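Open the model in your viewer and keep the selection panel at hand. The stops follow below.

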Protein chains: 2
Amino acid sequence: MTTLLTSSNVALRSFNDLNRLVQLHPRTQRVQLRCKLAGDIETDESRILLEGVVTSSANYVPLTPISFLERAANVFGDKTSVVFGSSVKYTWEETHSRCLKLASALVQLGISKGDVVAALAPNVPAMQELHFAVPMAEAVLCTLNTRLDSSMVAHLLKHSETKLIFVDQQLLQVAQQALSLLSKDKIKTPILVLIPESENSSLTYDIHEYENLLSSGSSNFTIRWPKSEFDPISINYTSGTTSSPKGVVYNHRGAYLSSISTFLCHGMGPMSTYLWTLPMFHCNGWCLPWGMAAFGGTNVCLRHVSAKDIFESISINKVTHMSAAPIVLSMMANASPNDRKQLPHKVDILIGGSPPPPQIISKMEQLGFGVSHGYGLTETYSAATSCLWKPEWDSLALEERAALKSRQGVQVLCIERVDVRDPETMENVPADGKSIGEIVCRGNTVMSGYLKDVKATEEAFKGGWFHTGDVAVKHPDGYIEIKDRLKDIIISGGENISTIEVEGVLHSHPAVVEAAVVARPDDHWGQTPCAFVKLKEGSEEITSDEIIKYCRDHLPHYMTPRTVLFEDLPRTSTGKVQKFMLREKAKALGSLFSTERKV
Amino acid sequence: MTTLLTSSNVALRSFNDLNRLVQLHPRTQRVQLRCKLAGDIETDESRILLEGVVTSSANYVPLTPISFLERAANVFGDKTSVVFGSSVKYTWEETHSRCLKLASALVQLGISKGDVVAALAPNVPAMQELHFAVPMAEAVLCTLNTRLDSSMVAHLLKHSETKLIFVDQQLLQVAQQALSLLSKDKIKTPILVLIPESENSSLTYDIHEYENLLSSGSSNFTIRWPKSEFDPISINYTSGTTSSPKGVVYNHRGAYLSSISTFLCHGMGPMSTYLWTLPMFHCNGWCLPWGMAAFGGTNVCLRHVSAKDIFESISINKVTHMSAAPIVLSMMANASPNDRKQLPHKVDILIGGSPPPPQIISKMEQLGFGVSHGYGLTETYSAATSCLWKPEWDSLALEERAALKSRQGVQVLCIERVDVRDPETMENVPADGKSIGEIVCRGNTVMSGYLKDVKATEEAFKGGWFHTGDVAVKHPDGYIEIKDRLKDIIISGGENISTIEVEGVLHSHPAVVEAAVVARPDDHWGQTPCAFVKLKEGSEEITSDEIIKYCRDHLPHYMTPRTVLFEDLPRTSTGKVQKFMLREKAKALGSLFSTERKV
């Protein structure tokens with residue numbers, strides 16, 4: 001922040017005495033920080049003002065993760081910031097200088113305040129740099145899922161009004177097709193900047209190239225600091241399990257606080273080396289591209305997430321931490337011995353999404369990994385809760401430990417509150433491990449809203465809480481455990497059925513590869529559970545009756561699926577099952593038990 | 001925050017389009033967060049506003065350390081929060097409940113928004129609880145130095161307009177005398193609440209008692225959350241080395257951020273056990289009463305800071321961290337073997353104030369302590385810099401390590417910037433380890449201002465930076481090293497003389513116990529160094545010429561004191577030398593070398 005705002009707001013002897021304004025520094029600019037609203041909660045008058053107290057650039061700076069990089073360059077200047085393969089190795093001083101150049105180059109290309117800059121790339125160093133360079137130009141970063149097809153990319157570029165897009169060489173075709181689609185629709189296409197696959201990539205394309213662009217910028221660039229910490233820093237599109245993707249807007253304040261929260265909930269420290277197996281396009285890599293700068297850690301970039309590459313990188317770079325989806329964990333646990341390498345020391349993995357299965361935890365621990373589990377949504381920047389481990393649990397048997405680890409846990413540092421409540425009355429559910437309610441959150445690490453979707457934002461923030469749509473119980477020790485998505489829960493004869501529990505039993509059947517359970521509407525029971533099952537190859541002789549009998553042996557009667565259909569499950573680009581499609585199918589089947597007892 | 005503010009500010013398609021207001025939730029309260037000012041820096045129009053983005057209680061909460069205690073009760077509920085001797089041991093759930101009760105009792109006693117509640121007590125559990133209970137009642141905590149005399153206590157109670165004061169039994173006489181002084185001046189005296197020395201103290205006084213008061217409150221108290229994170233949370237009076245004490249105002253935002261910064265700069269983690277050797281009245285214990293709640297650590301309270309008590313407490317409570325002034329370190333290093341105890345594990349000590357001498361570091365390391373060093377002022381809440389240790393320094397010789405450790409270091413996480421600059425031009429000094437400048441800071445962990453002293457606040461924040469008054473150099477690795485107080489620097493014949501360096505040489509003389517150097521005005525040289533020296537008992541035969549000769553052998557000629565006076569040094573209640581009194585004395589001596597060469 002180079003501009004000096006050397007002055008002050010009102011200074012009053014008491015907060016009731018608003019007329020006795022003492023204006024300081026009459027010749028300098030004044031800054032007033034105030035919360036204004038029409039209701040009876042916060043007004044200027046409600047702020048406690050003491051005489052002699054001022055707000056100036058000496059004691060107020062909008063919170064932004066850009067500050068982390070400035071500090072990293074000063075404090076950890078000679079430490080390694082980024083490693084990528086054997087060719088790229090930067091210090092924090094170099095990263096700082098490169099980001100300034102890139103920001104400067106973006107401004108030269110016409111990018112200005114509030115413009116959206118997109119990125120379509122795997123975890124290459126450019127992705128880490130864009131997390132700083134784009135906000136430094138006062139622009140908004142929109143990282144896109146690398147598995148999207150060109151029509152979805154086109155849709156999101158249009159929706160976000162992207163002005164410029166960085167594209168990795170491997171995804172160039174998808175991006176170019178997306179731009180063609182936009183052209184066809186007479187929409188102004190964004191500037192395309194290519195991130196080459198390697199330094200030696202021979203470029204014949206008549207397009208901007210990342211390193212050339214960066215070199216054209218100046219490291220004397222004056223950072224365009226956010227004027228407000230509530231200014232947007234990024235847009236992350238949801239994967240659209242239930243509807244079309246929504247653009248989740250993050251702000252500088254939330255990103256600053258979430259960076260610290262996530263780094264700490266991960267158990268990292270100043271000397272941590274983080275392997276990028278979690279995609280940076282996913283919730284801005286849980287804010288860790290910023291968090292690593294806050295603590296001067298080292299980012300180990302990784303283009304391909306394979307067991308061989310992961311073990312190799314851990315060994316070469318002395319990785320201490322990584323995060324991943326459970327699928328990556330399975331991949332590592334099941335890796336062939338040739339692909340595995342001895343770990344240099346314990347490596348801590350934070351798992352997002354579904355809880356890790358006990359046998360995978362066991363395998364990973366045998367290999368020398370520490371596995372923990374967090375829960376969050378795109379709307380919460382990163383983990384909102386983590387299953388904070390207690391030392392007294394160390395001595396428990398694996399199954400017990402796995403059961404404890406499968407819980408979503410307790411709120412992280414910088415989110416204000418995570419609770420399980422009745423979504424209608426907003427009453428807390430009892431912490432008995434049985435009563436279900438919706439997980440709701442509030443605090444500074446909850447999104448600013450859904451881009452251009454006032455209605456969805458309003459719905460999500462109903463009652464002053466963010467509604468996650470996840471159904472959970474709260475255990476007596478305060479730990480939260482998810483039971484289902486609110487939309488997925490089945491109510492049969494007045495009883496709540498967790499589809500996750502039914503799916504758990506189906507998955508335990510030796511012939512089942514995939515399973516998803518949804519509600520089938522019913523005239524008599526209201527709803528009944530309907531299972532969609534994919535069988536292992538060679539198990540095609542299994543009948544639905546056999547599956548139903550197996551479930552009945554392992555579940556209460558009312559939870560047992562009444563219908564079982566064998567087929568492949570429809571999935572989103574991020575691999576989530578599209579339950580809304582299965583619900584449509586189940587609905588089309590009609591009632592199994594009618595009130596007129598036809599069946 | 002129990003009130004729901006379910007709504008939103010303006011939602012615009014672009015930030016230029018301020019007329020297209022989309023008001024959400026017409027029937028609910030609206031909250032607008034905006035930075036308003038008259039100048040050209042920040043205006044409502046300058047905020048980037050996107051359609052669909054709102055500010056509501058779901059995604060905005062004023063930052064306050066009260067949130068840490070709420071979370072601690074949920075997340076670390078059964079962990080030990082506070083230990084004191086063998087009689088007191090609370091969990092975080094109990095601390096939470098006790099603080100709610102105490103806040104409720106304060107409100108019942110008539111304490112309301114913005115009222116000042118003072119405390120005069122050593123590090124007993126009540127001090128930790130007051131750090132939460134007072135802000136929970138929307139009041140402002142003012143912890144007073146326990147070494148103050150009654151007239152200074154009276155002065156500060158009057159200046160801060162204290163409504164209620166908590167007083168430890170051992171300091172009751174001082175407090176009662178202070179209240180008498182106020183009565184004599186016809187000033188309304190604050191309510192006095194006694195903190196008894198032990199549970200069994202027989203109380204005959206007709207005054208409020210801490211536990212009785214707390215019991216009268218309700219744990220169902222609704223916390224009075226700050227309406228603005230810029231609301232004051234505490235007032236800390238400076239020790240008044242150079243003038244009468246100034247009331248440094250902290251706000252909730254700064255306290256929240258500094259709690260996290262300090263905890264991390266101390267190298268603490270979730271299972272840390274912190275021994276309270278640092279007075280909690282000093283900068284609110286560097287914000288660690290709040291920080292321990294943020295991370296669910298354990299506070300070990302300590303009434304008397306003696307080597308025996310410290311070693312005993314470390315051993316019994318498995319202390320992992322402590323902070324102290326160098327004097328406590330010497331005390332521990334020089335403790336008799338009978339008072340020492342084997343450490344249960346490495347104990348990390350963060351030293352504030354002057355850097356620790358090499359021989360003390362060496363002794364402490366031999367005893368199993370890890371010693372590090374931070375620098376800050378009352379005005380920066382806590383440490384502004386810390387001498388962040390690099391692993392590659394481990395192998396250096398003790399003297400080299402001590403030299404590195406004696407540097408004030410690099411900025412902590414949550415302060416925005418710490419720099420060494422020319423106090424006039426505000427230009428950065430070169431990082432050459434030689435060029436001197438003033439240490440200046442800016443950021444959210446710089447005080448709100450000096451209570452009722454607009455002029456001093458204005459002076460301190462000149463040019464949009466907080467001026468520390470400390471003169472330092474910046475080394476090529478970016479580490480800062482203090483050379484002197486700005487007011488203490490002597491300019492003789494155009495040369496800057498660091499009084500700290502001259503004092504260092506004086507201290508190395510075997511007969512010198514104490515030494516302080518100030519400027520003596522001079523017609524010819526402008527100023528010359530004047531030393532005040534206290535000799536060891538039995539060394540009274542030493543002459544000023546001998547001292548001057550010794551200095552000349554160890555210092556450049558221009559730095560050598562021209563005047564040496566033997567006497568005791570005047571000190572403040574916190575033990576700092578009152579150089580302004582010495583300067584007066586030196587001034588009264590008149591010129592040593594006049595331009596007319598009389599001498």
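Start by selecting A:Glu537, A:Glu540, A:Glu541, A:Asp545 and A:Glu546, which gather in a surface patch of negative charge. Patch members have over 30% relative accessible area and no salt bridge, and like charges are joined within 9 Å. A salt bridge is a side-chain nitrogen of Lys or Arg within 4 Å of a carboxyl oxygen of Asp or Glu. Areas are Shrake-Rupley values with a 1.4 Å probe.

This is a predicted model: local features need pLDDT of at least 70, side-chain atom pairs count only at pLDDT 80 or more, and totals for chains, interfaces and linings use all residues. Residues are numbered from 1 along each chain as its sequence is written, chains are lettered from A and ligands numbered from 1 in written order, and side-chain values use heavy atoms, without hydrogens and water.

Zoom in on A:Glu541. It sits in the loop between strand E26 (526-535) and helix H16 (544-554) of chain A. Helices (H or I, at least four residues) and strands (E, at least two) are DSSP runs. A:Glu541 is exposed, at 55% relative accessible area; exposed means over 50%, buried under 20%.

Next, A:Cys287. Its phi is positive, about 70°, though it is not a glycine. Most residues other than glycine have a negative phi. A:Cys287 lies between helices H8 (283-286) and H9 (288-295) of chain A and is buried, at 0%.

Switch to B:Cys283, in helix H8 (residues 283-286) of chain B. Phi is positive here too, near 50°. B:Cys283 is buried, at 5%.

Finish on strands E15 (residues 369-376) and E16 (residues 383-386) of chain B, antiparallel and joined by 3 bridges. Pairing takes at least two DSSP bridges. B:Gly374 partners B:Ser386.

Notes: Patches are made of residues with over 30% relative accessible area and no salt bridge: like charges are joined within 9 Å, nonpolar side chains (Val, Leu, Ile, Met, Phe, Trp, Tyr) within 5 Å. Lys and Arg count as positive and Asp and Glu as negative; His and the chain ends are not counted. The place of a charge is taken as NZ of Lys, CZ of Arg, CG of Asp or CD of Glu. Buried means under 20% relative accessible area, exposed over 50%, partly exposed in between (1.4 Å probe, protein chains only).
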